[in-house]
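Morning, everyone. Let me put the model up, and then we'll walk through it.

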Amino acid sequence: MNFSNITWLDDKGHVKPPIMLYLLLVFIARGWCVFVASLTQASDRAGLVTLFYPHKNDFLMALAAGAGALFIYAAVIAERKRKPAWVRHLFPYMKWLLALLLVIDGGLLIQRILHTYYVYSWSIGLDALFLFWASLYLYKSKHLNLYFSDWKEKE
C-alpha cells in the first residue's frame, strides 16, 4: 500500500492545495509580479517593466491574462476557508480555467516572439519551457486533480 498521499490532507480531511499550483499561478501572473516589483523602485518605476516587457502592449496583455490567475488564487484562498458558497459552483471548473490561461499565455508568448522578429532571448526560451512544464503538470498531476475534485456540492 502506498500512503504517500496522506500528506496531501489537512487536519479536517480535505486535500491541501499543491505547492506547484501556487508556482503555476505566479508564473501566469508574472506580469502582476513585475508590476508590484516596479512599484518598489522610487527612481525609475518603468525601468523594471521595460526590462521584462519592452513593448507596452505585451505588458498590458500580461496583466490582463494574469487577472485570471489572481481570480483563481482568490478562489483557492476562499476554498481553504470553505466560506463563500458561490465559489463552490465554480471550483470544479478551475482546471479548465487554468488550461485556458495557459493557452492565452502561449498566445502572448507567440506575440512576444513576433515583436522581437524571431530573435532568440533567454526570457522567451524560459517562458516557453515553463509553459511546457506547466501544461504537463496540469495534465498529469494526481494531487491537482484530487484537490479540484475535493470540494463537492453536498458539503
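How many salt bridges does a search of the whole structure find? The answer is 3. Keep in mind that this is a predicted model.

Start with aspartate 105 and arginine 30. They form a salt bridge, with the closest N and O atoms 3.2 Å apart. Aspartate 105 sits in helix α6 and arginine 30 in helix α2, so this pair ties together parts 75 residues apart in sequence. Aspartate 105 is buried, at 4% relative accessible area. Arginine 30 counts as buried too, at 17%.

Arginine 30 also meets aspartate 127, at 3.7 Å, N to O. Aspartate 127 is in helix α7, so here the tie to α2 joins parts 97 residues apart in sequence.

Next, arginine 112 and aspartate 127. Their side chains meet at 2.4 Å, N to O. That pair links α6 to α7, so it ties parts 15 residues apart in sequence. Arginine 112 is buried, with 10% relative accessibility. Aspartate 127 is buried, also with a value of 10%. Put together, Arg30, Asp105, Arg112 and Asp127 are linked in a salt-bridge network.

Now the cavity. The search finds 1 cavity of 30 Å³ or more. Helix α6 gives the largest share, 5 residues. By type, the lining holds 7 nonpolar, 2 polar and 4 charged residues.

Last, the surface. Leu126, Leu129, Phe130, Phe132, Trp133 and Leu136 form a nonpolar patch, with about 570 Å² of accessible area together. Phe132 is in helix α7, residues 122-140.

Terms used: Residues numbered from 1 in each chain as written. Predicted model: local features only at pLDDT ≥ 70, side-chain atom pairs only at ≥ 80, totals over all residues. Heavy atoms only, no water. 1 Å grid on protein atoms, 1.4 Å probe; cavity = no way out; pocket = protein on both sides within 12 Å on 5 of 7 lines; lining within 4 Å. Points joined across faces, edges and corners; volume = space filled by probe spheres on them. Helix = DSSP H or I, 4+ residues; strand = E, 2+ residues; numbered from the N terminus. Nonpolar A, V, L, I, M, F, W, Y, C, P; charged D, E, K, R; others polar. Patch = residues over 30% accessible without salt bridge, like charges linked within 9 Å, V, L, I, M, F, W, Y side chains within 5 Å. Areas by Shrake-Rupley, 256 points an atom, 1.4 Å probe, with all protein chains shown as cover. Salt bridge = Lys/Arg side-chain N within 4 Å of Asp/Glu carboxyl O. Buried < 20%, exposed > 50% of the residue type's maximum accessible area, 1.4 Å probe, protein only.
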